Amino acid sequence: MKLYNSLSHKEEEFVPNEPGKVSMYTCGPTVYHFAHIGNLRSYIMEDVLEKYLRYVGYDVKRVMNITDVGHLTSDGDTGDDKMLKGAKREHKTVMEIAEFYTNAFFEDCRKLNIKTPDVVEPATHCIDEFIRVISSLIGKGYAYEAGGNIYFDTSKLSKYYVFGELSEEDLEVGVREGVEADGNKKNKADFVLWFTKSKFDDQELKWESPWGLGYPGWHIECSCISMKHLGEKLDLHCGGIDNQFPHHTNEIAQSEAFLGHKWCNYWFHVHHLNTLSGKMSKSKGEFLTVSLLEEKGFAPVVYRFFCLQSHYRKSLVFSWENLENAKQAYDKLVARIAALIPEAKGEADKEAFERIRADFTAAMDDDINTSNAVTAVYNVFKADTDAATKLALLDDYDRVLSLDLTESAKKLIAQQQNTDIPAEVAELVAQRKEARAAKDFALADELRDRIAELGYVIRETRQGTEITKK
Ligand code: AMP
Ligand code: ZN
């Protein structure tokens, strides 16, 4: 399987450290607000990656953090603490905010068929780990104290800009977004590992540390949580493209300085979902959440389908019109599957199944090309095989795509049956069902005849009772 590695800027054959096993880390949400659908694009695409790794047989262990402390409004060390901002906005404590939005995040994930990672760890549960790693970095000369805070010294590294050739100017942009520059830093790129002399006097959550009462910087949490659960060598690290710098750059800096060897082999970055007016934001314009999509009549799975139609390494433009197009395409797809269901008889043809399935795996092996994988779904209908094999293929692809394909088709069939059938017939069908359950087959046959007199034919299929007009 080929995967684009942001570290080497190339597609590479994916080879984990240990044959058959994959350690996978994902940067989790900052739980100060609802996730917007841009954030969720990243989680959908990472979910597909994880499911495909499992599909091809890897034993995957996936870990995700929950950022409930230390992430400032700028990804550098300036601005306000996002959690504190959320707490003030809602007149709640930071922990109340964290709990509420963590639950909201997983509820969104559930609706989008995003599997919960094997381990989910809030940053506030790992303070001891952070202190241990920061102490070691100070001991090794990679970190220094200034103005009461602990900083990572980027000048100690032979190479800092690991993901690209960033210029000094780019770097300044990275740390400039906020308001004031931090005069304690020896080098522009240095970053906070531990805040003690904080400019946030009202910081709610503080812990004792060798450097005084304080709280961790944002980047240290991912390095520590990953190492805690996945060890010193990580196969795969994921996040949105904006995480490359400074977050992932700093994760690599501190992890490798601490470990003394290479840490993570493959970096998977999902490009952004943008609106027609540009970057997606929680504060500007319409705040696009899963709930808003539902309010506007879009099933969350339609949004998932919309995301899968594009490759994760291309930015994607969201508009209601684009989503409406995805909805129509999804509904048509489901209707085609619904038409296939009554035709499906007997077992799938194994030889045809394997032959046709190669189309799907080729797409996914090509750097998780979900756009081509969706084409592979459509190709199933044209394939030279029977309906049972086609349905088996769709179910198989859906183990990775998680688009509820057959479930939605069955629901559609049930809806059609319920709306098309007169109440009198529906009542007789229900009575016949009861009679069959009570093994009163004479009554069941009589009811079937009465249903026939009203112009309907009843048939038992693998998917349940089917009623059609004569
Ligand atoms: P945050 O909750 O801000 O820490 O972000 C959660 C995840 O969403 C991170 O992996 C970000 O890189 C990612 N992300 C942020 N904005 C977008 C966007 N517009 N499109 C896709 N992913 C995003
Ligand atoms: Zn992270």
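This passage walks through a predicted model of a protein, from its overall build down to single residues.

Residues are numbered from 1 along each chain as its sequence is written, while chains are lettered from A and ligands numbered from 1 in the order in which they are written. As this is a predicted model, local features need pLDDT of at least 70 and side-chain atom pairs count only at pLDDT 80 or more, whereas totals for chains, interfaces and linings use all residues.

Confidence comes up first. The average pLDDT (the predictor's confidence in each residue, from 0 to 100) is 92 for the protein, and 94% of the residues score at least 70. Residues 173-179 are another story: pLDDT stays under 50 there, and the model has 16 contacts beyond four places in sequence for this stretch. Two residues are in contact if their C-beta atoms, placed from the backbone, lie within 7 Å. Where pLDDT is low, the predicted coordinates should not be read in detail.

As for the overall build, the C-alpha atoms fill a box of roughly 90 × 50 × 45 Å along the principal axes. The protein has 16 helices and 16 strands; helices (H or I, at least four residues) and strands (E, at least two) are DSSP runs, numbered from the N terminus. Of its 470 residues, 40% count as buried. The label goes by C-beta atoms placed from the backbone: a residue is buried with 20 or more others within 10 Å of its own, exposed with 12 or fewer, and partly exposed in between. Among contacts between residues at least 6 apart in sequence, 75% join residues at least 24 apart.

The protein splits into domain 1 (2-270), domain 2 (285-416) and domain 3 (423-469), with bounds that come from an automatic or database domain assignment. The centres of domain 1 and domain 2, taken over C-alpha atoms, sit 33 Å from each other. Where these two domains meet, 21 residues of domain 1 are in contact with 26 residues of domain 2. On the domain 1 side, strand E1 (2-5), H1 and helix H3 (94-111) each supply at least two residues, and H1 has the largest share with ten. By class, that side has 13 nonpolar, two polar and six charged residues. Here Ala, Val, Leu, Ile, Met, Phe, Trp, Tyr, Cys and Pro count as nonpolar, Asp, Glu, Lys and Arg as charged, and the others, Gly among them, as polar.

What about the inside? The largest nonpolar core has 111 residues, and Val48, Ile134, Leu137, Leu193 and Tyr397 have the most contacts inside it. Such a core is a set of buried Ala, Val, Leu, Ile, Met, Phe, Trp, Tyr and Cys residues joined through C-beta atoms within 7 Å. Helix H1 (residues 37-55) gives the most to this core, with nine residues. Domain 1 and domain 2 both give residues to the core, so it lies between them. Beyond its neighbours within four places in sequence, Leu193 touches a list of residues including Ile134, Leu137, Phe152 and Ile220.

H1 turns up again at ligand 1. Of the 16 residues around this ligand, Gly38, Asn39, Ser42, Gly240 and His272 come nearest; to be near, a residue needs its C-beta atom, placed from the backbone, within 6 Å. H1 gives the largest share of the shell, four residues, and strand E10 (234-240) also supplies at least two. The shell divides into five nonpolar, nine polar and two charged residues.

In helix H2 (residues 82-90), Lys82, Met83, Leu84, Gly86 and Ala87 are buried, and the buried residues of H2 pack against H3. Just after H2, His91 takes a positive phi of about 55°. Leu205 lies in the loop between strand E8 (191-195) and strand E9 (215-216), yet this residue is buried, with 21 other C-beta atoms within 10 Å. Leaving aside neighbours within four places in sequence, Leu205 is in contact with Val69, Val94, Thr124 and Tyr215.

A cis peptide bond, with omega about 5°, joins Phe245 and Pro246, and Pro246 lies in helix H7 (residues 244-259). Lys439 has a positive phi of about 60° although it is not a glycine. This lysine lies in the loop between helix H15 (423-437) and helix H16 (441-453), and Lys439 is exposed, with 8 other C-beta atoms within 10 Å.
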